[in-house]
Amino acid sequence: MSAEKQIQFRREEEEIAKGAKAMEDPERCSICLQPKAPNSPSNKCDQCLDKIHKVPTGFAFKVVEGQEDKEFECPICLCLIKGATELPCEHLMCGECLLHYEKGQTEKAEKEEPKRNPEFLCSVCMTPYKVQDKKFVKSTDRFIQNKIRVHCMQKDCPWIGSIKDYEVHVKKCDYGKIKCPYFELGCLNTFEEQNLPKHNAMNRQIHETLLLNVLNVLAKERLENRTLFENQNKTIERLEERMDKLEVENKDLMNKYETQSNLLIKNTEEIESLKSENANLNQMLQQQNDNVLNIHQKLQLLEKENPKDIEKTLKTLKEQRKDIENLKTFSKTVGELHGTLSDANVKEKALTFLYLYDKDYIENEDVKQWNDFVQQINTNEDFNGDCDYLQQMKNVVNGYQVTVYSKSWGIRLFQFALAIDHGVIINKHIKLCPQYIVKYISVINHNTYQDFNKTTRDMKWTKHSGGVASYLSFHQGSRCLNVAVMLPSCYKNVYILHWDEEDKKLKIPLNRTIVSLNGDKRHSGHFVMLQIEE
């Protein structure tokens, strides 16, 4: 024999030996040799037991000796027939066994040839049969269950009776295996029912310990649930408080919306009125042009008769034409000025934030149009001539330049501050009214409402909104403004703005560090403005 054959035989012998050893191992399944579940009463694993239970069987009883039972033995499962079913060849089998066999044959036929009909054969004589030809034999089934005497399935039980009577006996059989009443608590023993009192007596202390452990766990869970319930109640209270504040804020927003709607309607009416006035002016201008044309025609007729009067009349016409041109310029300027003043960006000062900072001011299209409009008026010769109402218009426009899209940082900031509410985060800004000049400031940020409410619970704090609170204190003999905010995590920087120069804003740490304003009183006053950045 070659060396390779010897090695192969040796390996096969080792594998057989391992398999035999595994079969003897009580911790492994006797079928697939895989590890069983701990404390399992069966010698098979759960997977194999599941497969076994899926295969139907008849009555697996041991028949009392002296009775002929072969006639009533199912040739498929080799047990007493359950649900006796007779084939055309007069052989009896279990009804469930036949169904399981027919299902397997059908699946096999579908795999081999999908459109082919499955073939069913009797397990005894191999005679083909059709499903519709088999029939249930009720009398035989009744005979098997009532007349054949069988032993109890529990080992050592002396009971003998019919299968029908076994259904009553099994409920009170003293030899049946049961689990300990404390099985779910940790006592994993199984034993015959008649040994229950003995088991309880021997393991009383263990059972009491298990009960105490369960009681301790339940008490701990009860305490945790109570704490959770209290926390949830507090959360609900906070949410209700927040809901009330949101309702108030929503009501304020609705009032502002209604005010804005009314203002828009009023502006629309004013614009329509202005359009009507412009139409009347255009009509008057057309009439003036017609009059000039008529006079010009008359002059041509009179030119031959009186040249001096004609020169005088021409001078008068020239002056009238100049007045007409001035009226056109005045009408156009009034329309543009009225359109700018009725714009929401001008009337609603809260929108000043759109062009508050210099970089936004330079790029804002409305600001560019307004400044171009002012420059055109100041450079137009008509507004610098001897026409009184055009000069007045020029002065009016230059007067509006101070407050409309103002070039002054301080005026823009003051307009924005007047328009927004106190103590509310609006367009990344917060307005506070400390009522005194402050020389120091500190800011602390919170990530949650719970932390914010915990910090501002002290009576010294004044809550202005759901996310802003403040109070005044003294530091080194001077007033210090202390601010608490609740900002989203994306915001990292807070600055206090200077009322005269944009570049003089100071960065404030968000960790309650007290920052000096360097003695510059223009960081505070009637208002303190804070800017929030990401």
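Met126 sits in the loop between β3 (120–121) and β4 (128–129); helices here are DSSP runs of H or I with at least four residues, strands are E runs of at least two, and both are numbered from the N terminus. The phi angle of Met126 is near 60°, a positive value in a residue other than glycine. This is a predicted model, so to speak of a local feature takes a pLDDT of at least 70, side-chain atom pairs count only at pLDDT 80 or more, and totals for chains, interfaces and linings use all residues. Numbering runs from 1 along each chain as its sequence is written, and side-chain values use heavy atoms, with hydrogens and water left out.

Glu90 also has a positive phi, near 70°, and is likewise a residue other than glycine. Its loop lies between β1 (84–86) and β2 (92–94). Glu90 counts as exposed because its relative accessibility is 62%; the labels used here are buried for under 20% relative accessible area, exposed for over 50%, and partly exposed in between, with a 1.4 Å probe and protein chains only.

Moving on to helix α3 (residues 95–112), Lys103 is found there, and at 52% relative accessibility Lys103 counts as exposed. Pro118 is 15 residues from Lys103 along the chain, and the C-alpha atoms of the two are separated by 9.5 Å. Another such pair is Leu354 and Asn364, which are 10 residues apart along the chain and have 7.8 Å between their C-alpha atoms. Leu354 belongs to the loop between α9 (344–347) and α10 (358–363), and with a relative accessible area of 38% it is partly exposed.

Next comes the open sheet. Five strands make it up in the order β10-β11-β19-β16-β17, with antiparallel pairing. At the edges stand β10 (425–426) and β17 (506–508), each with a single partner strand, so one side of each is left without a neighbour in the sheet. Two strands are taken to pair if DSSP finds at least two bridges between them. In general, strands of a sheet pair through backbone hydrogen bonds, either parallel or antiparallel.

How many bridges join β11 to β19? Strand β11 (residues 429–432) runs antiparallel to β19, and four bridges join them.

Strand β13 is joined to β14 (residues 468–475) by three bridges, and the two run antiparallel. Ser465 has Val468 as its bridge partner in β14, and the hairpin from β13 to β14 goes through two residues. From there, β14 pairs in the antiparallel sense with β15 (residues 478–486) over eight bridges. His475 stands opposite Ser478 in β15. The hairpin of β14 and β15 has two residues between the strands, and in it Gln476 takes a positive phi near 55°.

Lastly, the surface charge. Lys234, Lys454, Arg457 and Lys463 gather in a patch of positive charge on the surface. Patches are built from residues with over 30% relative accessible area and no salt bridge, joining like charges within 9 Å and nonpolar side chains (Val, Leu, Ile, Met, Phe, Trp, Tyr) within 5 Å. A salt bridge means a side-chain nitrogen of Lys or Arg within 4 Å of a carboxyl oxygen of Asp or Glu. Lys and Arg count as positive and Asp and Glu as negative, while His and the chain ends are not counted; each charge is placed at NZ of Lys, CZ of Arg, CG of Asp or CD of Glu. Accessible areas come from the Shrake-Rupley method with a 1.4 Å probe, and for residues only the protein chains shown count as cover.

Lys463 of this positive patch is in strand β13 (residues 462–465), and it is partly exposed, with a relative accessible area of 33%. A patch of negative charge on the surface brings together Glu237, Glu240, Asp244 and Glu247. Glu247 has its place in helix α7 (residues 204–302) and, at 49% relative accessibility, counts as partly exposed.
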